[in-house]
Amino acid sequence: MKDTIKKYGGLTFKQAEAAEKCLNSTVQKIDMENIPDNIKRIMDYTGENTFVKDIQTKFTKYGTMSYKQIEVAHKQIQKEEDKARTVEVRIPTPGETILLRRSIGQQLKEQYGLEFNPMIIDITKVLGVSPKAIKFAGKMTVKRGSICMCCGRTLTDEFSMLTKLGKTCAGHMKIEYITDVTQAERLRNDYLKRVEEIGVMDFWVPKKQIKMWSDDMTQRMLETMV
């Protein structure tokens, strides 16, 4: 601004207004004892997350935070707190079966290079527990029920109700489907072999996305761990 005045003998209205704001601006003195709890949580943060630390600096200087800044900062802090509270375990859970939401099945499909979404899993172990999620090790179910062992949908035709596997899912699993009831045992063996080929899968599942447990005893135990 000084150079502009020397060169042109003055400032435009906007230049003068900007200069005045700069001269009048001061670092706000903040009463840290009386700030709202949602902001206090951010200002009390002592970790190394760069976003949260940047927000702390800006609040100290300008005395304000936007709703979006508060929301994102809280998510980052919560993520760190959940990670710190994660408990690594090796709990065998023979007999436990869970029905997953499609989004988790899609993740397993991509993670293990499958052509379908595995939805019903026989859990072999619980590997970790956080406040919001559980890490499992398990295989596709070998249990026969009233729904497809692969996708969890209701079985409707004669052959699928007999084999407990839908024709479409059999194709995705690269299993030749039956054309006669006498082939049911062959399909069962092919299915069991394919489950072993796919093997054990490790994955995190948000607690709220577990739709069904075969027994709620393990669920209650895990909920008390974090």
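Helices here are DSSP runs of H or I with at least four residues, strands are runs of E with at least two, and both are numbered from the N terminus. With that in place, Lys164 sits in the loop between α7 and α8.

First, what we are looking at. This is a predicted model, in which local features need pLDDT of at least 70, side-chain atom pairs count only at pLDDT 80 or more, and totals for chains, interfaces and linings use all residues. Residues are numbered from 1 along each chain as its sequence is written, and side-chain values use heavy atoms, with hydrogens and water left out.

The protein chain has 10 helices and 6 strands. Of its 226 residues, 36% count as buried; buried means under 20% relative accessible area, exposed means over 50%, and partly exposed is in between, with a 1.4 Å probe and protein chains only. The accessible surface of the chain is about 14400 Å², and carbon and sulfur atoms hold 52% of that. Those areas come from the Shrake-Rupley method with a 1.4 Å probe, and for residues only the protein chains shown count as cover. Taking contacts with a separation of 6 or more, 57% are between residues 24 or more positions apart, where contact means heavy atoms within 4.5 Å.

Is Thr163 buried or exposed? Thr163 is buried, at 4% relative accessible area. Beyond its neighbours within four places in sequence, Thr163 touches Met149, Tyr177, Ile178, Ala184 and Leu187.

Lys164 is partly exposed, at 21% relative accessibility. Its phi is near 65°, a positive value in a residue other than glycine. Most residues other than glycine have a negative phi. Lys174 also has a positive phi, of about 65°, and is not a glycine. Lys174 is in the loop between α8 and α9 (184–198), and at 62% relative accessibility it counts as exposed.

Next, the aromatic rings. How many aromatic pairs does the structure hold? It holds 1. The ring centres of Phe136 and Phe203 are 6.0 Å apart and the planes are at 45°, so this pair is tilted. For the cut-offs, rings of Phe, Tyr and Trp (its six-membered ring) pair if their centres lie within 6.5 Å, with planes under 30 degrees apart counted as stacked, over 60 as edge-to-face and the rest as tilted. Phe136 is in strand β4 (residues 133–140) and Phe203 in strand β5 (residues 201–206), so the pair links distant parts of the chain, 67 residues apart. Both residues are buried.

Pro131 is in the loop between β3 (120–129) and β4. Pro131 is partly exposed, at 22% relative accessible area. Its C-alpha atom is 9.2 Å from that of Pro206, 75 residues away along the chain.

Last, the largest pocket. On a 1 Å grid over the protein atoms alone, a pocket is an open set of points with protein on both sides within 12 Å along at least five of seven lines, and lining residues have an atom within 4 Å of a point. The lining has 19 residues, and Cys148, Cys151, Arg153, Thr168 and Cys169 lie nearest the centre. Helix α8 gives the most, with 4 residues.

Technical notes
1 Å grid on protein atoms, 1.4 Å probe; cavity = no way out; pocket = protein on both sides within 12 Å on 5 of 7 lines; lining within 4 Å.
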